[in-house]
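The exercises below are to be worked with the sequence and the model side by side. Each task is followed by a solution in steps.

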Amino acid sequence: MKKIAQYLQLALLLFFLVYLMFFIFFETLGGMFGMDPLTSDSLVKIFLTGSFIFLATWGSVSMYSSGLNDKLKKMESEMNALKAKLYDLEHPKTSPKEKPVPQKNQEDTSGGIKPRQNFTDQ
């Protein structure tokens, strides 16, 4: 599609350059093509032809750019999905069934301070 847009832009440029030269040198070239009097009918035909080429060029360029935008959005969504998978692999979630969290007992003696002992006289 990019090549078509480039060719249409070249055709549009060439079209307007040829008709610019034609109308600049109309007195000499007009007789060769049988257009001695310059009529509005001939100018309308030339204008419509140029407009058609311009619209075709504009349409092909916009279709090409929208295709690129769609491709870019698709690649960004794939990249975000891969980033999410990578994040999930780096930070796994722990579920209660896999690894229960130990709860502390009040009588647990694993701390640094020993429990209090009661001494009685015997």
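**Exercise 1. State the accessible surface of the protein chain and the share of carbon and sulfur atoms in it.**

Solution. The accessible surface of the protein chain is about 11700 Å², and carbon and sulfur atoms hold 63% of that area. Areas come from the Shrake-Rupley method with a 1.4 Å probe; for residues, only the protein chains shown count as cover. Of the 122 residues, 11% count as buried; buried means under 20% relative accessible area, exposed over 50%, and partly exposed in between (1.4 Å probe, protein chains only).

This is a predicted model, in which local features need pLDDT of at least 70 and side-chain atom pairs count only at pLDDT 80 or more, while totals for chains, interfaces and linings use all residues. Residues are numbered from 1 along each chain as its sequence is written, and side-chain values use heavy atoms, with hydrogens and water left out.

**Exercise 2. List the elements of the chain and say where confidence is lowest and highest.**

Solution. Step one: the chain has three helices and zero strands, in the order α-α-α from the N terminus. Helices (H or I, at least four residues) and strands (E, at least two) are DSSP runs, numbered from the N terminus. Step two: pLDDT, the predictor's confidence in each residue from 0 to 100, averages 79 over the chain, and 82% of the residues score at least 70. Step three: the lowest mean, 74, belongs to helix α2 (residues 26–32), and the highest, 89, to α3. Where pLDDT is low, the predicted coordinates should not be read in detail.

**Exercise 3. Which residues make the nonpolar surface patch?**

Solution. The patch of about 840 Å² consists of Tyr-7, Leu-10, Leu-13, Leu-17, Leu-20, Met-21, Ile-24 and Phe-25. Patch residues have over 30% relative accessible area and no salt bridge; like charges are joined within 9 Å, nonpolar side chains (Val, Leu, Ile, Met, Phe, Trp, Tyr) within 5 Å. One member, Leu-13, is in helix α1 (residues 2–24) and is partly exposed at 49% relative accessible area.

**Exercise 4. Is Thr-57 buried or exposed, and what does Thr-57 touch?**

Solution. Thr-57 sits in helix α3 (residues 40–90). With a relative accessible area of 5%, Thr-57 is buried. Not counting residues up to four places away in sequence, Thr-57 touches Ala-5, Leu-8, Gln-9 and Leu-12, where contact means heavy atoms within 4.5 Å. A polar atom of the Thr-57 side chain lies 3.3 Å from the backbone oxygen of Leu-8.

**Exercise 5. Find the salt bridge and describe both partners.**

Solution. A search of the whole structure gives one salt bridge, defined as a side-chain nitrogen of Lys or Arg within 4 Å of a carboxyl oxygen of Asp or Glu. Asp-41 pairs with Lys-45, their closest N and O atoms being 3.9 Å apart. The two are separated by about one helical turn, because they are four residues apart in helix α3. Asp-41 is partly exposed at 47% relative accessible area, whereas Lys-45 counts as exposed at 52%.

Note on methods. Polar contact = N/O pair within 3.5 Å; in protein donor to acceptor, adjacent residues only side chain to side chain.
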